[in-house]
Amino acid sequence: MTELESVAEFRDRARRWLKDNLPAATGRYSGPENDDIWDRSRQLQRILSDGGFAGICYPKEYGGQGLTTAHQRAFTEESFEYEMPLVFNIPTLSICAPTILDLGTEEQKRTHLTAVLRGEELLVQFLSEPRGGSDLAGLTTRADRDGDEWVLNGSKIWSSGAYAADYGICLARTNWDVPKHEGLTLFLVPVHAPGVTIQRIKQVTGSTEFCQEFFDDVRLPADSVLGEVNGGWAAASRLLFHERSAMGGTSPYMSGSRPRLSVDLSELVELARSVGRLDDPAVREDIGEARAMFRVRDQLVARVSRQLASGELPPPASSIVRLFSAENAQLQIDKAIRIAGASAATAAPDGTGRQLGIDYLFRNSWSLAGGSAEMSRNVISERLLGMPREFAADRGVPFNQVKHGR
Ligand SMILES: Cc1cc2nc3c(=O)[nH]c(=O)nc-3n(C[C@H](O)[C@H](O)[C@H](O)COP(=O)(O)OP(=O)(O)OC[C@H]3O[C@@H](n4cnc5c(N)ncnc54)[C@H](O)[C@@H]3O)c2cc1C
């Protein structure tokens with residue numbers, strides 16, 4: 001067995017390579033707000049791949065580097081100053097590709113993981129539906145077997161970046177005669193296949209990243225199934241584990257940045273200075289609280305990551321960091337708004353306060369994206385603390401006998 005390069009040597013090599021191969025980052029990453037970022041990210045991901053720095057924690061046989069989370073952390077720290085393909089992080093690298101790694105056939109892994117790591121494929125999640133995202137097992141998008149194929153019909157919504165992606169991981173109902181969790185199957189769906197219509201949704205922030213998809217007799221080959229037929233709930237649970245890890249900051253598969261926090265600490269200090277309130281005791285207290293939350297978040301992420309990796313904590317524990325990260329993000333935004341005061345609402349289009357106002361409009365997303373904060377509390381109470389399960393009128397009832405609000 002060849003010995004792994006030490007983290008210190010790897011860090012040095014990464015530092016030199018980044019300096020020679022990637023341009024400096026320009027400004028704070030604010031999400032995929034303009035369409036050019038997708039093509040640019042594909043190019044950057046290809047550069048990482050050619051340089052031997054793509055998929056640091058992915059196995060070598062699928063185009064990764066087969067290294068440890070400590071190597072990934074070192075690379076991420078070194079790469080902060082450089083332009084990185086950040087739109088690959090969520091959901092492609094940290095949620096969808098790890099699900100394929102866990103559940104895919106050898107062929108699925110060789111096809112999709114290799115393409116993702118070379119920047120040739122972006123993935124998206126098709127989970128939420130117009131009737132609601134929290135009751136995921138109650139979904140009504142259907143896939144019916146027809147000879148060697150499946151025929152997909154229904155609609156998904158809130159799919160981040162679907163219009164720019166290549167494949168969607170889609171949960172659909174394949175058996176209506178059994179209780180809701182038992183009749184689901186996970187599929188890999190080509191986003192631009194005949195029968196798929198994508199509509200972009202404009203949010204209050206102005207972003208059109210969200211999409212709704214309509215599936216009309218979309219034909220999928222038998223080998224599109226990811227995991228077992230009718231074993232979709234177990235498969236989706238694996239995907240949700242990766243999703244909570246990504247949102248909570250414990251995923252080993254993200255490169256270059258943590259999930260975007262609206263404002264960071266140095267920005268809060270700068271903000272207080274710019275509005276002339278750095279000496280205000282109430283503002284200093286707000287900054288202190290924000291700092292304490294960041295420190296707790298970092299310690300929590302480190303501890304939960306370690307315990308998840310060693311098996312001391314079961315996968316549902318990813319909900320702890322997912323919940324805390326959402327609360328922290330919202331607290332940081334609220335503090336920033338308190339400090340900025342009216343300037344957050346009245347800033348010029350290119351002023352600092354303008355981004356803050358937009359961040360405030362996006363604030364509630366932090367407790368919805370990756371499953372809502374309330375659902376995280378349910379997971380923590382029922383699956384970690386052993387508290388009684390909440391009442392569900394449809395438990396154990398064949399899905400075709402469950403009443404729906406149609
Ligand atoms: C930024 C962002 C990105 C997203 N990206 C994707 C994506 O790529 N793909 C995708 O499929 N989805 C995506 N989503 C959708 C997200 O998964 C859903 O918003 C989330 O699961 C909640 O579903 P919902 O919005 O339909 O709310 P609902 O399920 O209708 O819930 C409404 C409210 O009721 C509460 N609630 C519901 N049930 C319970 C319960 N049993 N106990 C207590 N409270 C409850 C919820 O917590 C919520 O506050 C994204 C959302 C956001 C904000």
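Predicted model: local features only at pLDDT ≥ 70, side-chain atom pairs only at ≥ 80, totals over all residues.
Let me begin with the overall picture. The protein has twelve helices and eight strands. Its radius of gyration is 22 Å, close to the 22 Å that the globule rule gives for 406 residues, so the protein is as compact as a globular protein of that length. If you follow the C-alpha trace along its principal axes, you find that it spans about 70 × 50 × 45 Å. Of the 406 residues, 49% count as buried, and the protein exposes about 19500 Å², of which carbon and sulfur atoms supply 51%. Looking at contacts between residues at least 6 apart in sequence, we find that 74% of them join residues at least 24 apart.

Now to the domains. The protein is divided into domain 1, covering 7-122, domain 2, covering 125-232, and domain 3, covering 261-384. The C-alpha centres of domain 2 and domain 3 lie 31 Å apart, and in the contact between these two, four residues of domain 2 meet five residues of domain 3. For residues 127-218, the UniProt record, which is an unreviewed entry, gives the feature "domain: Acyl-CoA oxidase/dehydrogenase middle". Over those residues the chain is 0% helix and 49% strand, with the end C-alpha atoms 17 Å apart.

Let us turn to the interior. In soluble globular proteins, nonpolar side chains tend to be buried together. Here the largest nonpolar core has 70 residues, and among these F75 and L152 touch the most other members. The element that gives the most to this core is helix α4, residues 89-103, with six residues. Domain 1 and domain 2 each supply at least three residues to this core. There is also a second, separate core of 14 residues, and L268, V283, M293 and A344 are included in it.

P91 is joined to I90 by a cis peptide bond, with omega at about 0°.

D217 has a positive phi of about 50°, although it is not a glycine, and at 49% relative accessibility D217 counts as partly exposed. N230 likewise is not a glycine and has a positive phi, of about 65°. N230 sits in the loop between β8, residues 225-226, and α6, residues 232-248, and with a relative accessible area of 31% it is partly exposed.

Next, two residues that lie in loops. P252 is in the loop between α6 and α7, the latter being residues 265-274, and its relative accessibility of 25% makes it partly exposed. P252 and H71 are 181 residues apart in sequence, and their C-alpha atoms are 9.8 Å apart in space. Setting aside residues up to four places away in sequence, P252 touches C57, T69 and Q72. A24, for its part, is found in the loop between α1, residues 7-21, and α2, residues 36-51. A24 is exposed, with a relative accessible area of 53%, and, again leaving out residues up to four places away in sequence, it touches E81, Y82 and E83. A24 and D144 are 120 residues apart in sequence and 49 Å apart in space, C-alpha to C-alpha.

Not counting residues up to four places away in sequence, S376 touches S319, R322 and L323. That is where I will stop.

Note on methods:
Residues numbered from 1 in each chain as written. Heavy atoms only, no water. UniProt positions renumbered as here; feature names shortened; annotations may be inferred. Helix = DSSP H or I, 4+ residues; strand = E, 2+ residues; numbered from the N terminus. Core = buried A, V, L, I, M, F, W, Y, C linked by side-chain atoms within 4.5 Å. Buried < 20%, exposed > 50% of the residue type's maximum accessible area, 1.4 Å probe, protein only. Domains from an automatic or database assignment. Contact = heavy atoms within 4.5 Å. Rg over C-alpha atoms; globule rule 2.2 N^0.38 Å. Areas by Shrake-Rupley, 256 points an atom, 1.4 Å probe, with all protein chains shown as cover.
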